[in-house]
Amino acid sequence: MRMKENKVYIETYGCQMNVADTELIMGILKGHGYGLAKELDEADVVLLNTCSIRDNAEQRIYGRLGNLKTLKNSNPNLVVGVLGCMAERLRKDLVEDKKIVDLVVGPDEYRRVPEFIDLAFNGEKGIGVRLSKTETYDDIIPYREDGLSAWISVMRGCDKFCTFCVVPFTRGRERSRSLKSIIDEIKLLSDRGFKEVSLLGQNVNSYLDGESDFSDLLASSAKVDSTMRIRFTTSHPQDLSDKLLHTIAEHANICNSIHLPVQSGSNRILELMNRTYTIEHYLNLIDKARRIFPEVSFSTDIISGFPTETEADHQMTLDVMKKVRYDGAYMFKYSPREGTKAFKMDDDVTEEVKSRRLQEIIQLQQKISYQINQTRVGNEEMVLVEGLSKKSDEFLSGRTDSNKVVIIPNDRNIKIGDYVKVIINRATHATLFGNVLQNTASAQNRLALTG
Ligand code: SAH
Ligand code: SF4
Ligand code: F3S
């Protein structure tokens, strides 16, 4: 028996799937009698749930391990672990190169985290990096603080093998969680007062459980609680089906915003990236979605400076941005990743050119976001109130159906979790500002969302 409850502190880096995995790991640890530390200085074990997507993501973790080394010098009993994609990518190199690391556990071996921590307390190093074709952690209830928004991984892994991407190597093959277990989890969240669920996967359109595809899962999720917003990410442009578009249009509480990473506007580059679609196919999809529900909004991911990208290719990316007019975009400089196909290509776009192109992409996107937001001024929006604004307690912050942040004056009658009808009176490229017209609190939420 342990002398005292050992406390674990987990820091999460990378994508929302890691956020969801951290909750899963906390669920596993709780089930094994571990406590969760709120602060690093009360922890006996510190775990970093890491990301490998770009080199700078990994550099951040090395920096953090440097800090933890200092901490471990003053507290030699501290156990340090690396979880997530970097654990999977670097495996035993991490323990060998970074002497302070006691355990290294990849995304499919989280059930063994308690076992490895116990080993570490006995002075032994532990490495668990086997990938699985079936692990979905279906039976594990993630540990979540009370709140409004929850992330649920509905599938794991990725089979797409885009040539720039490490995810298929760090997360393994695609597999889906059972529809029933997801719906049960959403019911539990609804009972606890959650107001928003985001269904996650690297490629949610590949979701499959028996006969049920992702559209079926979305429709079932939407029916659990009509006052709950259902979001999802990420859709791959190759597999976004008509059925899915109709399902979104038919359910008032499935949000009308689609994250549809384009990566590049040039067909030649898309082919080198193995994205498996053309720009014509992509733009057709966008048109089709807009015909089915004109209020739909799109966001995207863009990479600048992929090997061989010319000035003309870059212009094509800017052109696509002008054609689609995204509400928002995540924009990155290409970062070569060892083990991927693109790593063997010559990383021939200079750092300077990559940066300049990225700046042009960012500036264009900011201009478009600003213009789109200006068209919202004067509109009425249904806003889910999420908390105090970051800048001042005199304002509250919430989001629209299309995932835009809205700032409203703080009023004691408004509670976190309320839906309020807001008239927008001002906008920047990132934020809308408005005044409350009507607080459609709790009992009327149902009407407010569907009416
Ligand atoms: N599954 C999602 C994205 C996962 S990674 C999809 O297919 O869209 C998130 C984003 O990181 C990618 O869309 C891509 O834009 C970016 N990214 C991935 N690998 C990268 C690399 N090696 N260099 C720069 N950006 C990268
Ligand atoms: Fe990476 Fe492509 Fe899979 Fe997205 S679809 S996770 S970019 S390999
Ligand atoms: Fe990073 Fe792994 Fe997510 S590489 S983006 S944490 S899947």
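A residue counts as buried when its relative accessible area is under 20%. The legends below describe close-up views of a predicted model.

**Figure 1. F232, a buried residue of strand β13.** The residue F232 is found in strand β13. Its relative accessibility is 5%, so F232 counts as buried. When neighbours within four places in sequence are left aside, F232 is in contact with L199, V204, F214, L218, I248, I254, C255 and I258.

**Figure 2. The cis peptide bond between T233 and T234.** The peptide bond that joins T233 and T234 is cis, with omega at about 5 degrees. Most peptide bonds are trans. T234 is found in the loop between β13 (229-233) and α9 (242-250).

**Figure 3. Ligand 3 between two domains.** The protein chain is divided into domain 1 (7-128), domain 2 (144-255), domain 3 (287-374) and domain 4 (380-450). Ligand 3 lies between domain 1 and domain 2, because both domains give residues to the shell around this ligand. The surrounding residues are C15, N18, T50, C51, S52, I53, C85, V167, R171 and Q202. By residue class, this shell divides into five nonpolar, four polar and one charged.

**Figure 4. The surroundings of ligand 2.** Ligand 2 is surrounded by C158, K160, F161, C162, F164, C165, V167, P168, Q202, H236 and R275. Seven residues of this shell are nonpolar, two are polar and two are charged. The number of disulfides comes to zero.

Figure 5. Most residues other than glycine have a negative phi. F161 has a phi near 50 degrees, a positive value in a residue other than glycine. F161 is placed in the loop between β8 (155-156) and α6 (167-171). With a relative accessible area of 34%, F161 is partly exposed. Q263 is not a glycine, yet its phi is positive, at about 75 degrees. The place of Q263 is in the loop between β14 (257-259) and α10 (267-272). The relative accessible area of Q263 is 7%, so this residue is buried.

**Figure 6. The parallel strands β3 and β4.** Strand β3 (residues 45-50) and strand β4 run parallel and are joined by six bridges. One point of reference is V46, whose bridge partner in β4 is V80. Strand β4 (residues 79-84) is mostly covered, as six of its six residues are buried.

**Figure 7. Antiparallel pairing of β17, β20 and β21.** Strand β17 (residues 380-388) pairs with strand β20 (residues 419-427) in the antiparallel sense, over five bridges. In this pairing, M382 stands opposite K421 in β20. Strand β20 is also joined to strand β21 (residues 431-439) by seven bridges, and these two strands run antiparallel. The bridge partner of I423 in β21 is N435. Together β20 and β21 form a hairpin, with three residues between them.

**Figure 8. The contact of domain 2 with domain 4.** The C-alpha centres of domain 2 and domain 4 lie 25 Å apart. Domain 2 gives 14 residues to the contact, and domain 4 gives 17 residues.

**Figure 9. N122, an exposed loop residue.** N122 lies in the loop between α5 (113-121) and β6 (126-128). A residue is exposed when its relative accessible area is over 50%. N122 has a relative accessibility of 62% and therefore counts as exposed. Q363 is included for reference, 241 residues apart from N122 in sequence. From C-alpha to C-alpha, N122 and Q363 are 54 Å apart in space.

Conventions
Residues are numbered from 1 along each chain as its sequence is written. Chains are lettered from A and ligands numbered from 1 in the order in which they are written. This is a predicted model: local features need pLDDT of at least 70, side-chain atom pairs count only at pLDDT 80 or more; totals for chains, interfaces and linings use all residues. Side-chain values use heavy atoms; hydrogens and water are left out. A residue is near a molecule or strand if one of its heavy atoms lies within 4 Å of it. Ala, Val, Leu, Ile, Met, Phe, Trp, Tyr, Cys and Pro count as nonpolar, Asp, Glu, Lys and Arg as charged, and the others, Gly among them, as polar. Domain bounds come from an automatic or database domain assignment. Two strands pair if DSSP finds at least two bridges between them. Helices (H or I, at least four residues) and strands (E, at least two) are DSSP runs, numbered from the N terminus. A disulfide is a pair of cysteine sulfur atoms within 2.5 Å. Buried means under 20% relative accessible area, exposed over 50%, partly exposed in between (1.4 Å probe, protein chains only). Contact means heavy atoms within 4.5 Å.
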